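Please read the points with the model open beside you.

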Amino acid sequence: SEEDMYRDAEEIEREKILLCETSSSEHKLSVAPEIDIMEYCRKEWRGNTPVAKRMRKGYEAVAQKFASIRRVRGDNYCALRATLFQALSQATQLPSWLQSEDFTMLPENLLSKYDWIKQWQLKQKLGRKMGEIHDEIKEYLILLRKKWKNISEIKGPIEKQEACDKLFKNEEEEYSLYEALKFLMLNTAIELYNDDKNGRRVPVFSWLLFARDTSSNPRQLMHNHLNHIGHSGGLEQVEMFLLAYALQYTIQVYRLYKYSTDEFITLYPNDPEEDWPVVTLITEDDRHYNIPVRMCQETML
C-alpha cells in the first residue's frame with residue numbers, strides 16, 4: 001500500500017507478528033508474564049529505521065531502572081489497566097479517599113444533582129437486566145474498595161503479585177473496576193469544574209480539559225469522552241491527568257518516542273503532591289501502555 005512505501009520492511013513484518021499474537025490465546029491474559037526488558041525490545045524493534053533506533057535507546061534508558069516488562073492487553077482500557085495494576089501491586093494500605101464513609105454514596109449523590117448522569121454508558125453484563133444506574137455503579141465502587149483492601153493487606157510480595165494476576169484474569173471483575181475508575185474521573189472533573197466556576201484555584205490541566213470543544217463542561221466530557229473509554233477510544237493525554245487526580249497517585253510515564261527530549265519522562269500531574277504514591281508505566285506512542293517491573297538493586301538503594 002501507499003503508506004508501506006514509507007515504512008521499513010521489518011516494521012511491517014513486526015506489525016503482522018503482533019497481530020497474530022494478539023489474535024492468539026495470549027490476549028486472554030490482561031497482563032502478560034514478565035520478560036527481560038532488553039529481550040523484549042530486541043524482539044519488538046529489530047529494524048534500522050530512525051524510529052526503531054530511538055525506541056531501542058529509550059528501552060536502554062528504562063533498563064537502567066527496571067529489569068523486566070509486562071505487556072498489557074491492548075484494548076481501549078489499557079491506560080486504566082496498567083495504572084490500576086501497578087497501584088494494586090504495590091498497595092500497602094487503603095487510600096484515604098477509599099475509606100471515607102460517603103464513598104459508596106457517590107453515584108446517588110451525584111445523580112440527585114445532575115440528572116444527565118443517567119446517560120452514563122454502563123458496560124453490558126451478559127444475561128442480566130440492568131438495575132438502577134446508581135446501584136450498578138455503587139456495586140463497582142464497593143468492589144474496588146474490597147479488592148484494594150484485600151490486596152493491600154497481603155504482606156508477601158509474591159502472594160500480592162499472585163492476587164493481582166488472579167484479579168486481572170477475571171474479566172467480569174476487572175471491567176467492573178474500570179467502570180469504577182471512570183466514574184471517579186467524572187466525579188473529579190465535576191469537582192474541578194465547580195471549583196473553577198467558584199473562583200477556587202485549580203490545576204492547569206483542568207483548564208485544558210474544559211477548553212476542548214468536545215468537553216467544555218462535565219456533561220460533554222461524559223458524553224464525548226468518558227463514555228467512549230474502553231469502547232471506541234482510550235485515554236487522551238489530558239485525561240491521564242484526570243485519572244491521576246481521581247486516584248491521588250502520580251503516574252510517571254516513560255514515553256519512548258520522546259527519548260532525548262524533556263518529555264521522555266512525563267509526570268501526571270507535573271507538580272504532584274508529595275504524599276501521593278507513584279506508579280510507573282511505559283508507552284511507545286501515548287496510546288498503548290505497558291508496565292516496567294523489578295527495579296534494579298542500585299536504583300532501589
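1. Start with Asp-75, which sits in the loop between strand E2 (66-70) and helix H4 (78-89). Helices (H or I, at least four residues) and strands (E, at least two) are DSSP runs, numbered from the N terminus. This is a predicted model, in which local features need pLDDT of at least 70, side-chain atom pairs count only at pLDDT 80 or more, and totals for chains, interfaces and linings use all residues. Residues are numbered from 1 along each chain as its sequence is written, and side-chain values use heavy atoms, with hydrogens and water left out.

2. Asp-75 is partly exposed, at 24% relative accessible area. The classes are buried (under 20% relative accessible area), exposed (over 50%) and partly exposed (in between), with a 1.4 Å probe and protein chains only. Setting aside residues up to four places away in sequence, Asp-75 touches Arg-81 and Tyr-175. Contact means heavy atoms within 4.5 Å.

3. Which residues does the UniProt annotation "active site" cover? The unreviewed entry lists Asp-75, Cys-78 and His-288. They are spread over 214 residues of sequence, yet they cluster in space, with a largest C-alpha distance of 8.2 Å. UniProt positions follow the numbering used here, feature names are shortened, and annotations may be inferred rather than shown by experiment.

4. His-288 lies in the loop between strand E5 (278-283) and strand E6 (289-295). His-288 is partly exposed, at 23% relative accessibility. Beyond its neighbours within four places in sequence, His-288 has contacts that include Cys-78, Gly-74 and Ile-282. A polar atom of the His-288 side chain lies 3.1 Å from the backbone oxygen of Val-72.

5. Arg-73 is in the loop between E2 and H4. Arg-73 counts as buried, at 13% relative accessibility. Its side chain makes a polar contact of 2.7 Å with the side chain of Tyr-175.

6. Now the charges. The structure holds 16 salt bridges, each a side-chain nitrogen of Lys or Arg within 4 Å of a carboxyl oxygen of Asp or Glu. One of them joins Arg-294 and Glu-34 (2.6 Å, N to O). This pair links distant parts of the chain: Arg-294 is in strand E6, and Glu-34 is in the loop between helix H1 (9-23) and strand E1 (35-36), 260 residues apart. Arg-294 is exposed at 55%, while Glu-34 is partly exposed at 35%.

7. Glu-179 and Lys-182 form another salt bridge (3.6 Å, N to O). They are about one helical turn apart because they are three residues apart in helix H9 (residues 171-197). Both partners are buried: Glu-179 has a relative accessible area of 1%, and Lys-182 has 0%.

8. Arg-255 forms a salt bridge with Asp-286, with the closest N and O atoms 2.7 Å apart. Arg-255 lies in strand E3 (residues 250-255) and Asp-286 in the loop between E5 and E6, so the pair ties together parts that are 31 residues apart in sequence. Arg-255 is buried at 5%, and Asp-286 is buried at 12%. Salt bridges that share partners join Arg-255, Lys-258, Glu-263 and Asp-286 into one network.

Definitions and conventions:
A polar contact is a pair of N or O atoms within 3.5 Å; within protein, one must be able to donate a hydrogen and the other to accept it, and residues adjacent in sequence count only if both atoms are side-chain atoms.
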